[in-house]
Amino acid sequence: MIDVEIVWDNLPLYLRGTWTTLWLTFTALAFGLVLAVPLAVARTSRNPLINGPVFLYTYFFRGTPLLVQLFMIYYGAGQFAWIRNSALWPLLSQAWFCALLAFTLNTAAYTAEILRGAIAATPKGEIEAARALGMSRALIFRRILLPSAFRRALPAYGNEIIFMLHGSAVASTVTIVDLTAAARIVNARYYSPYEAFLTAAAFYMALTFAITGLIRLLERRWHAHLRPHLS
Amino acid sequence: MLDLKGYGPAILEGAVLTIEAALASLVLSLLFGLLGALAKLAPLRPLRLLAAAYTTLIRGVPELVLMLLVFFGGQMLMNELAAQMGWGHVDVGPFAAGVLTLGFIYGAYMAETFRGAILAVPKGQLEAARAFGMGPLLVLRRILIPQMLRHALPGVGNNWLVLLKATALLSVIGLEDMVRKAALAAGATRQPFTFYFAVALVFLALTTVSTLLLAAAERWARRGEGRGP
């Protein structure tokens, strides 16, 4: 049935692919998170000039497929002369940068909405108390709203990490040799779809379980004060 | 507006195929989801284990990888089967492989949604139905499914939005959906951004209409709940 030798011979390819997948996913997640915090704060603004554009951005990136976003950047950027003549072109003409950009913009949109929801769920009394103590708006965000919002957002953000890990498989469609592309190469070389794709599936599954395990540990730490006391 | 250089009708044709694939996958996923949820709540342990394995394993792997596995692996399986049975060449095709995979994957997500919704139906209602002499299938059709629908609707709606966007992946295994049509038009006109942006706008329109319809459906499903005291 399954030819173990094919898997064994191509293990280095799969491992390199795994590294690329992890690198792409977590770099995009890191940049995305950094972008998402100011975006989420902007989304809570009552000024439509601040809130509106951010809403349109998150609406677009959450309402369209990641694959199409990637193609828009990877194939689409070259359509415009002003981009081809810009200083960014050496980067935008490379697949890894386009994938990283698409993934970052995508996860930033999802994360901003997760954080916005978490900020909106802050108990009113906490904000009133902070205001009564004379804290400024910026200080309230930094000391009160954001720390508890991060904590509340953790379960939903854990799902976003897994979505990004699985979503990153589309990088294989723009010449990037990630874990999925490794499987596609093995399938094309040996015409052995079971070995090729089941191996990639096993790798992805291991990564998924490892990440969900880590998040559960983090949740236990961050949500320790919410658990019932068992003495 | 966007100048589609005469490729507008082709993109629309692809959009129809995208919608067909999404709806077919939805029907399949609802079926797999209902079976999965019933198995998860079954009194038989092997059934529960099978359902747990289904939902856990499927949700650990990207859609694209499973799609490629079913597309290439399914073709190989059909070739072997056809050779043994003495059939001619049987083509699996991207539509069948894609819809089957998406239905199977989102069935796992639907199963989790349905499981929660079924548990939200008061047990007494099911017991009352049995006491009236209804058979298990009749209880399912008349009591359980209509009652759990309103609890399941928000989750089903979310799954549908994710599924709809996942149909874009069908272009990778060669389905002539709107993403693939856009790629062809992009190659011919050298205006890839225009066409992929147009496709993105169609997806945005589809998700927007879906969201509005789902909100209306949720209001309809909650019509019996009243407005409280």
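Reply: Helices, as counted here, are DSSP runs of H or I with at least four residues, numbered from the N terminus. The model is a predicted one. On that definition, chain A reads α-α-α-α-α-α-α-α-α-α-α along its sequence, with eleven helices and zero strands. The C-alpha atoms of chain A fill a box of roughly 70 × 65 × 25 Å along the principal axes. Of the 231 residues in chain A, 39% are buried. Among contacts in chain A between residues at least 6 apart in sequence, 77% join residues at least 24 apart.

α8(B) comprises 30 residues and spans 43 Å from its first C-alpha to its last, close to the 44 Å expected at 1.5 Å a residue. Its buried residues are B:Pro192, B:Thr194, B:Phe195, B:Tyr196, B:Ala198, B:Val199, B:Ala200, B:Val202, B:Phe203 and B:Leu206. The cover over these buried residues comes from both chains: it includes α3 (48–63) and α4 (66–74) of chain A, as well as α1 (8–40), α6 and α7 of chain B.

The contact between the chains involves 29 residues of chain B and 29 residues of chain A. The largest share, ten residues, belongs to α8(B). By class, this side of chain B has 22 nonpolar, five polar and two charged residues.

The largest nonpolar core has 101 residues, and those touching the most other members are A:Val68, A:Leu70, A:Ala200, B:Val65, B:Ala182, B:Tyr196 and B:Val199. The helix that gives the most to this core is α4(B), with twelve residues. A second, separate core of 18 residues includes A:Val41, A:Ala108, A:Ala112 and A:Leu115. Leaving aside residues up to four places away in sequence, A:Ala200 touches A:Leu179, A:Thr180, A:Ala182, A:Ala183 and B:Val65.

The axes of α4 (residues 94–119) and α6 (residues 136–166) of chain B come within 8 Å and cross at roughly 150°, and the crossing is right-handed. Among the residues making this contact are B:Tyr106, B:Met110 and B:Phe114 of α4(B) and B:Met148, B:His151 and B:Val156 of α6(B). The contact residues divide into 13 nonpolar, five polar and no charged.

Definitions and conventions:
Residues are numbered from 1 along each chain as its sequence is written. Chains are lettered from A and ligands numbered from 1 in the order in which they are written. This is a predicted model: local features need pLDDT of at least 70, side-chain atom pairs count only at pLDDT 80 or more; totals for chains, interfaces and linings use all residues. Axes are lines fitted to C-alpha atoms, for helices over the stretch in contact, and angles run from 0 to 180 degrees between N-to-C directions. Helices (H or I, at least four residues) and strands (E, at least two) are DSSP runs, numbered from the N terminus. A crossing is left-handed if the near helix is turned anticlockwise from the far one by less than a right angle, and right-handed if clockwise. Two residues are in contact if their C-beta atoms, placed from the backbone, lie within 7 Å. Ala, Val, Leu, Ile, Met, Phe, Trp, Tyr, Cys and Pro count as nonpolar, Asp, Glu, Lys and Arg as charged, and the others, Gly among them, as polar. A nonpolar core is a set of buried Ala, Val, Leu, Ile, Met, Phe, Trp, Tyr and Cys residues joined through C-beta atoms within 7 Å. A residue is buried if 20 or more other C-beta atoms lie within 10 Å of its own, exposed if 12 or fewer, and partly exposed in between; C-beta atoms are placed from the backbone. The expected span of a helix is 1.5 Å times one less than its number of residues.
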